[in-house]
Amino acid sequence: MDLMYDYICESSDAMRHIQENAEKIFADFNARTRGSNYSEIILLGSGTSYNAALTAYDFLEYILGVSVKVYYPLWFVDHVRTIDPHSLVVGVSQAGRSSSTIEAINKAKKFGMTTVALTADEISPLKKSSDIFVKLDIGEENVGPKTKGYFASVIELIYLG
């Protein structure tokens, strides 16, 4: 039986793993976005992924010098009407199966935005829907509220910046 406590205890090792493997984890993202001038960064996620995006956004805005917005995916789909095709849109979903995040990524692509899937599942629907894949490289986490996934999402979003 998986216990949240076990994943909490694994969090520091997972963060260390991301730091030690950052060059490999972000190689494709860096190669495909180098030299791009994005007008804004949009972070999408539900639940834990949304909270991780909220945690990272202020730092990203500070270091990048561009506007960073955080949306629940369905809010983005149903209410965001001012679309700048020079935006970078990052969909965060640890399992990569959030239908609302996938729908939001599809809307962003329809408007010509560059889309990124930040997910642990390399064969997920989110990865297939996005232009660029960044592996949330933390292994399994089989409990409801994500702990290790939250910390990993925050640190990987900061690395993306």
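Q: In this predicted model, is T115 buried or exposed?
A: A residue counts as buried when its relative accessible area is under 20%. The relative accessible area of T115 is 0%, so T115 falls in the class called buried.

Q: In which strand is T115 found, and which residues is T115 in contact with, leaving aside its neighbours within four places in sequence?
A: T115 belongs to strand 4. With neighbours within four places in sequence left aside, the contacts of T115 are V89, I105, A108, K109, S129, S130, D131 and I132.

Q: Which residues of helix 6 are buried, and which elements do they pack against?
A: The buried set in helix 6 consists of S100, T101, I102, A104, I105, K107 and A108. These buried residues pack against strand 1 (40-44), helix 5 (73-79), strand 3 (87-92), strand 4 (114-119) and helix 7 (125-129).

Q: What span should helix 6 have at 1.5 Å a residue, and how far apart are its end C-alpha atoms?
A: Helix 6 covers residues 99-110, which is twelve residues. The expected span is 1.5 Å times one less than the number of residues, so helix 6 should span 16 Å. The model agrees with this expectation, as the end C-alpha atoms of helix 6 are apart by 16 Å.

Q: Which residue with a positive phi follows helix 6?
A: After helix 6 comes a residue whose phi is near 85 degrees. That residue is G112.

Q: How far apart are A52 and G96 in space, C-alpha to C-alpha?
A: A52 is found in helix 4 (residues 48-64). In sequence, A52 and G96 are 44 residues apart. Their C-alpha to C-alpha distance is 15 Å.

Q: Is A52 buried or exposed, and which residues does A52 touch, not counting residues up to four places away in sequence?
A: A52 is buried, because its relative accessible area is 0%. Once residues up to four places away in sequence are set aside, A52 touches Y150, S153, V154 and L157.

Q: Which residues is A53 in contact with, leaving aside its neighbours within four places in sequence?
A: A53 also lies in helix 4, and at 0% relative accessibility A53 counts as buried. Leaving aside neighbours within four places in sequence, its contacts are L43, V70 and L157.

Q: How far apart are A53 and I42 in space, C-alpha to C-alpha?
A: A53 and I42 are separated by eleven residues in sequence. Their C-alpha atoms are apart by 9.4 Å.

Q: What pattern does the protein follow along the sequence?
A: The protein contains eight helices and five strands. Read along the sequence, their order is α-α-α-β-α-β-α-β-α-β-α-β-α.

Q: What radius of gyration does the protein have?
A: The C-alpha trace spans about 45 × 30 × 30 Å along its principal axes. For 161 residues, a compact globule would have a radius of gyration near 15 Å. The protein agrees with that expectation, having a radius of gyration of 15 Å.

Q: How far apart do the centres of the positive and negative side chains lie?
A: The protein carries 15 positive and 20 negative side chains. The distance between the centres of the two sets is 7 Å.

Key
Residues numbered from 1 in each chain as written. Predicted model: local features only at pLDDT ≥ 70, side-chain atom pairs only at ≥ 80, totals over all residues. Heavy atoms only, no water. Helix = DSSP H or I, 4+ residues; strand = E, 2+ residues; numbered from the N terminus. Rg over C-alpha atoms; globule rule 2.2 N^0.38 Å. Lys, Arg positive; Asp, Glu negative; His and termini not counted. Charge placed at Lys NZ, Arg CZ, Asp CG, Glu CD. Buried < 20%, exposed > 50% of the residue type's maximum accessible area, 1.4 Å probe, protein only. Contact = heavy atoms within 4.5 Å.
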